[in-house]
Amino acid sequence: MAASTWAPTALALVLLVGCTPDTAVKTSHFEHDHVVAAHWPADLADVAVKLRERLAIENASESTRHEIEELVSWTAEVAADTNLAEADWLPLYNTSESLTANLRAAKGDLTNENRKQIESLCDLVDEAVNKIPPQLNSLAKDQS
């Protein structure tokens, strides 16, 4: 009999404890989604810099090759955070999507053809960076 009188009280306690508000101050609505990778580019120009740095490594490790694949796949997202016109953003998107598929198909192997395509992507990034109006580009950097 005693157990049946405590059951509603125990249930109420469990619900009450489980429903307490989180008192930790959140700095971002997305902080629980994922950790930002150390090699995440600071801006669009940094995509090309980071890719070229990694391509310059003669016998790139598996980790470096994985970073290259990630940087390529992030290119369109980073470019989308700029004020590039759609006509200037689309070539970056299309090239990065195609190259990402090629790199995945190569299973981490950096073929000469993939290296050439990555360098072409870097050239496209450089061209796109030059199309970003300077005042807006510097404002975006200041907000980072």
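Student: In which helix is the place of Ala-80?

Tutor: Ala-80 has its place in helix H3. The model is predicted, so local features need pLDDT of at least 70 and side-chain atom pairs count only at pLDDT 80 or more, whereas totals for chains, interfaces and linings use all residues. Residues are numbered from 1 along each chain as its sequence is written, and side-chain values use heavy atoms, leaving out hydrogens and water.

The protein chain holds six helices and zero strands (DSSP runs numbered from the N terminus, helices being H or I of at least four residues and strands E of at least two). Along the sequence, the pattern of the protein chain reads α-α-α-α-α-α. Among contacts (heavy atoms within 4.5 Å) between residues at least 6 apart in sequence, 68% join residues at least 24 apart.

Helix H3 spans residues 62–80 and packs against helix H4, residues 86–105, at an angle of about 160 degrees, with the two axes 8 Å apart. Here the axes are lines fitted to C-alpha atoms over the stretch in contact, and angles run from 0 to 180 degrees between N-to-C directions. H3 and H4 are therefore roughly antiparallel to each other (over 145 degrees; under 35 is roughly parallel, 65 to 115 roughly perpendicular, the rest oblique). On the H3 side, the residues that meet H4 are Glu-69, Val-72, Ser-73, Thr-75, Ala-76, Ala-79 and Ala-80. Their partners in H4 are Trp-89, Leu-92, Tyr-93, Ser-96, Leu-99, Thr-100, Leu-103 and Arg-104. By class, this contact of H3 with H4 comprises nine nonpolar, four polar and two charged residues (nonpolar: Ala, Val, Leu, Ile, Met, Phe, Trp, Tyr, Cys and Pro; charged: Asp, Glu, Lys and Arg; polar: the others, Gly among them).

H3 also packs with helix H2, residues 44–55: the axes of H2 and H3 come within 10 Å and cross at roughly 165 degrees. That angle makes H2 roughly antiparallel to H3. From H2, Leu-44, Val-47, Lys-50, Leu-51, Arg-54 and Leu-55 take part. From H3 they meet Thr-64, Glu-67, Ile-68, Leu-71, Val-72, Thr-75, Val-78 and Ala-79. The contact of H2 with H3 has nine nonpolar, two polar and three charged residues.

Within H2, Arg-54 deserves a separate look. Arg-54 is buried, with a relative accessible area of 13%. Not counting residues up to four places away in sequence, Arg-54 touches His-39, Thr-64, Glu-67, Ile-68 and Leu-71.

Ala-80 is partly exposed, its relative accessible area being 44%. Between Ala-80 and Leu-44, 36 residues apart in sequence, the C-alpha to C-alpha distance is 9.3 Å. Ala-42 lies in the loop between helix H1 (2–18) and H2 and is exposed, with a relative accessible area of 59%. The C-alpha atoms of Ala-42 and Val-78, 36 residues apart along the chain, are 8.8 Å from each other.

Terms used:
Buried < 20%, exposed > 50% of the residue type's maximum accessible area, 1.4 Å probe, protein only.
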